[in-house]
Amino acid sequence: VGYALNPKKLRKPIKTEKIKQQQVSSSTAVRKWAGGGLADILAEPCLEDGLLFQAWDPEQLPENQPFFHLIIHKLTEDIDREDSRGKIAALEMYLRHYPSCRLVDPLDAVRKVISRARTCQHLGAIESRLGNQCPFRQPRYLTVSEFDSVSTVRQRLADANFRWPVICKPVEACGTPKSHEMAVLVRDDDLHMLPKPCVVQQYEDHGGVFLKVYIIDDDVSIFRRSSLPDLTALSIQAIQCGTQLKSVIFDSRHSYPDERDFLPESLPVAASSSEHRDWVGTSPTRSPGNTTCLGNGASSANDGLWKLQSSPRRSNCARVEDVTQNRQSIDSLSVEETLEVDIQQQLILAARLIQEEFSLSLFGFDVLVLPQSFGGNRVVVVDVNYFPSYKEIGDFPQKLRAFLRRTA
């Protein structure tokens, strides 16, 4: 197996507790995967599965390199970049010289996800093809070029029936720090903060949680992560206190903004809650720092991830609650809590449809699941990414090796 990986993927993995290696040798103890680079996997000797890793060298002619049954890559930073044209050309030359070598994943497939604009177009193609039968939808979106003026963007948003707030993401989906610089804009006066060129998506309240769906060939795993806060109720709270929310720019590689980041400094963090929401889990206790793996179609009798506890509407700003309370409970969701069965089925079907449309084997996508009170399709796909971290999948090295063995 040849590999052509970026420096991030070549780092050492994050170390955690040791677990038994079941798929290689029951007597071997390995560390549970927690993300990071693939250095340890690539350095392993040829094991019982018959896989041996060796770096593909873009500086060498194909005839001077060994034949690889397949090459695994993470060249998202290099595809379509002028200064990396030589590396991509060398890889394509190698594949022509050894036509039976398989590339995981094809460059044309990866091109679909290195641009958020192209990603939205392909997701839209699935929606158009399936109509009301599509198991997901994507937010309303438009693409803003670097040449669009503020007045032009303002008019386009109005013509497309956007409402505030919106979230703005750079068109370039990977490869540079700028690709992670995002903005949540709460009013049109802040359109000068747009990270152009960008994709503007309608902001959707989603309970401060998003789902990370990982795919390794035919294996689908689903995990919860903390997300951006609900802004509708927060905006009402601010208005009741005689002020308004502020727009926020953030780096998606780090912690997401919480309620406090959207509140003006003149408004105390402890603001009134016009509609208090809390998460109701299936387990009596919650342990900090856990995520939930639903794995391959796990089922649950739980009647709803999005069950809400509502208190009477409050209009008096003097009666206060900490607006960060909801986020705290989300971060400590326990592993026993699971998704509704119909949502799981929608996500698994969505994974297959996205895999078919994008022709990818190693990818992930981000999903918002809207509250049960929402009248339409509650499953909202907001992003697709190639060869993600898989950091929540404890046995990722074993699953990756098994996939590569099958593919080779």
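Student: How many cavities of 30 Å³ or more does the structure hold?
Tutor: The model is a predicted one. Rolling a probe the size of a water molecule over the atoms shows where empty space is left. Counting cavities of 30 Å³ or more, the structure holds 2.

Student: Which element gives the most residues to the lining of the largest cavity?
Tutor: The largest cavity has about 60 Å³ of space, and its lining includes Arg116, Thr119, Cys120 and Leu123. Helix H4 (116–130), strand E10 (198–202) and strand E17 (379–386) each give two or more residues to this lining. The most, 4 residues, come from H4.

Student: How many charged residues are in the lining of the largest cavity?
Tutor: Among the lining residues are Arg116, Lys169 and Asp383, and Arg, Lys and Asp count as charged. The lining also has 5 nonpolar and 3 polar residues. The number of charged residues is 3.

Student: Which strands are the edges of the open sheet of 5 strands?
Tutor: The sheet has the order E7-E10-E8-E9-E13, with antiparallel pairing. An edge strand here pairs on one side only. The edge strands are E7 (141–144) and E13 (248–251).

Student: Which residue in E13 is the bridge partner of Val184?
Tutor: Strand E9 covers residues 181–185 and runs antiparallel to E13, with 4 bridges joining the two. The bridge partner of Val184 in E13 is Val248.

Key:
Residues are numbered from 1 along each chain as its sequence is written. This is a predicted model: local features need pLDDT of at least 70, side-chain atom pairs count only at pLDDT 80 or more; totals for chains, interfaces and linings use all residues. Side-chain values use heavy atoms; hydrogens and water are left out. On a 1 Å grid over the protein atoms alone, a cavity is a set of points where a 1.4 Å probe fits but cannot get out, and a pocket is an open set with protein on both sides within 12 Å along at least five of seven lines; lining residues have an atom within 4 Å of a point. Grid points are joined across faces, edges and corners, and a volume is the space filled by probe spheres set on the points. Two strands pair if DSSP finds at least two bridges between them.
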